[in-house]
Amino acid sequence: MQKPQARPIALLPIAIFLLLYLGSGIYFEYVRPVEDGMGFYIMSVVVAFGIALIVAFFQNRSLNFNQKVAVCAKGIGDDNIVIMLFIFLMAGAFSGLAKTAGGAENTANLLLSIIPGNLALPGMFLIACLISMAMGTSVGTITVIVPIAAAVVKSTGMSMPLMVGAVVGGAMFGDNLSVISDTTIAATRTQGVEMRDKFRTNILIALPAALITLAVLVILALNYPSASMASYTYNIWLAIPYFIVLILALTGLNVFLVLGIGIILFFLIGGAAGTLNFSTAFSAMGDGTSGMFETIIVTILVASISALMKEYGGFEAILAFIRRFAKGKRGGMLGICLLTGFMDIATANNTVAIVIAAPIAKEISHEYGVEPKKVASLLDSSSCIFQGIIPYGAQLLIASSLAGISSMSIIPYLSYPFLLLICMLISILLDRKKKA
């Protein structure tokens, strides 16, 4: 099949999306700030992408309307896209059920009960790492852990931004590696790789950054008086399903089976513990899947827009630009990171950034010989790095609101995201070409 000719004008839909979404975000965040400080969430990402899709349909008169619909259907119907949508639904059901059952709170309280007071700072980082890996959401982790971390700060002379920065860093670590995180799902399915393969590649980048962060936090913690840790109550049985899901996921078991087992465990244990009954369990699963609807709709819209842009020659235009600067495999990998990072800065949503960048990253993968599992790792890591440090992202906005500080004050203390960036760049520089 002949490749379409490179046409930069084919990228107009993405330009329109960025103008609407980023433009409105800047206006409502900095020019005319809204009361809740969430200016980048005034414009619905679904509406912005919907308008961008309309623009795409008005382009390229060589195809009629029905032919353009067929192009979109082919993009949406890709096996990996369909699997990704199904996983989103199951992950939503699992998260909703686990939250209502009290899994996150009990797991956090269990871990808090064993942390020494003089290691509260690195302890909070570790707890955020584990909770985020179990829950599959950095925002959910921050919502659960930051109020506890803020209470710990009050019993010491510790810096609030320092403590919150540690929690945010741990949340991004777990989000990056969790098998039920929407970023992991998007990164792996769009590249057609197994989650375990992406995890093994990703851990080589993320673990060194986490260990260095942990060491730094231990050293800093020694300069503060021991925190007065409260007595936290927990039901260990409600924490067990999370740990089982983590272990099963790391063994490489099919993600549908992992999530299915997790749902059954929380259903049974939550019922036995009295935190769930028949009606609340199914209601929670419904709420969880409903929470994924926006992500699913965005995925469908982006798949449609991407298919049209590729058909019109937009991908070839981006590849032509990258070819001018990227020399060899390492240049291709760096191009993937920069593309994903730019999309995250523009959308303030790491999942959306991955979904937009993934099809182009796949083309770069083929052209420069980058292994799909490495591409998935770079997509997820890049999006988590930038999502963790932009002051208008949901993570920092929610963390700062809960802690009563500004999002900008947290940025200097975000050790993990910055160390992850360094480790990712080192992994690219040290990458060796593999013989065919």
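1. Ser365 counts as buried because its relative accessibility is 6%; buried means under 20% relative accessible area, exposed over 50% and partly exposed in between, with a 1.4 Å probe and protein chains only. Ser365 belongs to helix 17 (residues 350-368). Helices are DSSP runs of H or I with at least four residues, numbered from the N terminus.

2. This is a predicted model, in which local features need pLDDT of at least 70 and side-chain atom pairs count only at pLDDT 80 or more, while totals for chains, interfaces and linings use all residues. Residues are numbered from 1 along each chain as its sequence is written, and side-chain values use heavy atoms, with hydrogens and water left out.

3. A polar atom of the Ser365 side chain lies 2.6 Å from the backbone oxygen of Val370. Apart from neighbours within four places in sequence, Ser365 is in contact (heavy atoms within 4.5 Å) with Val370, Pro372 and Val375.

4. Helix 3 (residues 65-76) has twelve residues and reaches 17 Å from its first C-alpha to its last, close to the expected 16 Å. The expected span is 1.5 Å times one less than the number of residues.

5. The buried residues of helix 3 are Lys68, Val71, Cys72 and Gly75. They lie on the same side of helix 3 because they cover an arc of only 95° around the axis, the arc being that of the directions from the helix axis to the C-beta atoms. Their cover includes helix 2 (45-58), helix 4 (79-101) and helix 14 (293-312).

6. The face of helix 3 turned away from its buried side carries the exposed residues Asn66 and Lys74.

Terms used
Helix = DSSP H or I, 4+ residues; strand = E, 2+ residues; numbered from the N terminus. Polar contact = N/O pair within 3.5 Å; in protein donor to acceptor, adjacent residues only side chain to side chain.
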